[in-house]
Amino acid sequence: MNSVLYPACAAAALLAFVYKLRVLRKDRSATQIFLLTNFLLLTLIFTVSTPLVWVATSRAVGIVNFSGLFTQSCVILMAATQQMILLHLSHAPSTATRKAMPRLLALGLALVAMIVLFSMATSRHENPTDFAVTKAQFYPAYLLVYLVAYGISQIDVQLLCFRYAKIAPTPWLRRGLYLVGLTMPIALIYTLTRLADIIAGQFGISGHAWEPLAQWSVTIATVVNIIGWTLPDWGRYLSTVWQAWDKRRAYRDLDALHHSLTTQIPDPVLPLGPGAKLDTRLYRRMVEIRDAQWALRPWMYPGVRAFVEGRCDHAGLIGDERAAVTEAALLRAAIWSKERDEGPLEHDLNPRATDPEDLASELAFLRRLAHAFADAPIAHAAETCRSGAATVLSRKDHP
């Protein structure tokens, strides 16, 4: 299985490394250098872990299963680079170095212990597909040191990620850090399977039965980790795509409301050429809806607002939802009256129930208004409401 999974991870890590290389032209900060080192180590880990490369590497060095020591040492170094990335993100260089020293010292001691314990081994055969399982059974101390160092460092990385994500300056950096932090539970599955290998080995049992779980968990954790570390770079393109798609949805959301209002009040509609951009068409649609809303004011009975407010109180509607239902009801009642040429002698002076602060808020409210206009039962009930009828209906609702 690792003949397929590990080359795929190596390819993903290499792509991330190449992608981040371009950043060095503009940003040669410690954070970027450590991030590049992280991807390079990941590439080496999964390249050498591929069975064919594993055997060739060990033979080239002349040490049986040297590839196992090399890849797991790279994992410890990778944990150190991730800690350095996060410390440099959240602290000044001097402070980051000071906070990193105890961590680097602990991981360095673990690395020395692993090398010493590995050198005491007497492996006679290469184990490109079950190195960890074999070491767990015959040399548990080596694997235990590796797992403790790896597990503690991953917990530390998660805590650093979540801590800095709370103050991250950009949304995509925050999301990327949360994603990196969330790989820890997946990595914990890998750690637990290896600990199970150690325990099973003491009873003469092989851990091959759950080896696929270990391989899949480390693969998934690696892929999610790569996505998380690179997300701040390419996430903004997702925002651009989302915004374009959401604008199209917004344009469609306003279609029915716009049609209903401009059928009654066509004057605000200005013809746009076929080459008009979506932003222009969406903005014009918003303006035309508001202009038509004000033009329908002579057909808005004052009693409708009182009727709707009573219904909203009964339904517990507040905020923008209440304002949208109120405006939708006023519009439906006005259209109903205009179609029958039944304008009131006194009409509502203000057809609006709220005033959004900016264009984005205005668009969001108009989409809510369009939804209320189409589906809100209170808005539909107001169509036939008169000043007198409102009183009757209110009495029915509030016995």
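Me: How many salt bridges does a search of the whole structure find?
Reply: The search turns up 15 of them. Keep in mind that this is a predicted model.

Me: What makes R103 and D156 a salt bridge?
Reply: The cut-off is a side-chain nitrogen of Lys or Arg within 4 Å of a carboxyl oxygen of Asp or Glu. Here the N to O distance is 2.6 Å, so the pair of R103 and D156 qualifies. R103 sits in helix α5 (residues 93–119) and D156 in helix α7 (residues 140–165), so the bridge ties together parts that are 53 residues apart in sequence.

Me: Is R367 buried or partly exposed, and what about D253?
Reply: R367 has 17% relative accessibility, which means it counts as buried. D253 has a relative accessible area of 34%, so D253 is partly exposed.

Me: What makes R285 and D255 a salt bridge?
Reply: Their N to O distance is 3.3 Å, and the rule asks for within 4 Å. Once again distant parts of the chain are linked: R285 belongs to helix α12 (residues 278–295) and D255 to helix α11 (residues 255–264), 30 residues apart.

Me: Why does R285 count as buried?
Reply: Because its relative accessibility is 9%, and buried means under 20%. D255 has 38%, so D255 counts as partly exposed.

Me: Which residues do salt bridges with shared partners join into one network?
Reply: That would be R290, E327, R352, D355 and E362.

Me: What forms the nonpolar patch on the surface?
Reply: L14, V18 and L21 do, with about 250 Å² of accessible area together. Of these, L14 lies in helix α1 (residues 2–21).

Me: Why is L14 called partly exposed?
Reply: L14 has 42% relative accessibility, so it counts as partly exposed. Exposed would take over 50%.

Terms used: Residues are numbered from 1 along each chain as its sequence is written. This is a predicted model: local features need pLDDT of at least 70, side-chain atom pairs count only at pLDDT 80 or more; totals for chains, interfaces and linings use all residues. Side-chain values use heavy atoms; hydrogens and water are left out. Patches are made of residues with over 30% relative accessible area and no salt bridge: like charges are joined within 9 Å, nonpolar side chains (Val, Leu, Ile, Met, Phe, Trp, Tyr) within 5 Å. Accessible areas come from the Shrake-Rupley method with a 1.4 Å probe; for residues, only the protein chains shown count as cover. Helices (H or I, at least four residues) and strands (E, at least two) are DSSP runs, numbered from the N terminus. Buried means under 20% relative accessible area, exposed over 50%, partly exposed in between (1.4 Å probe, protein chains only).
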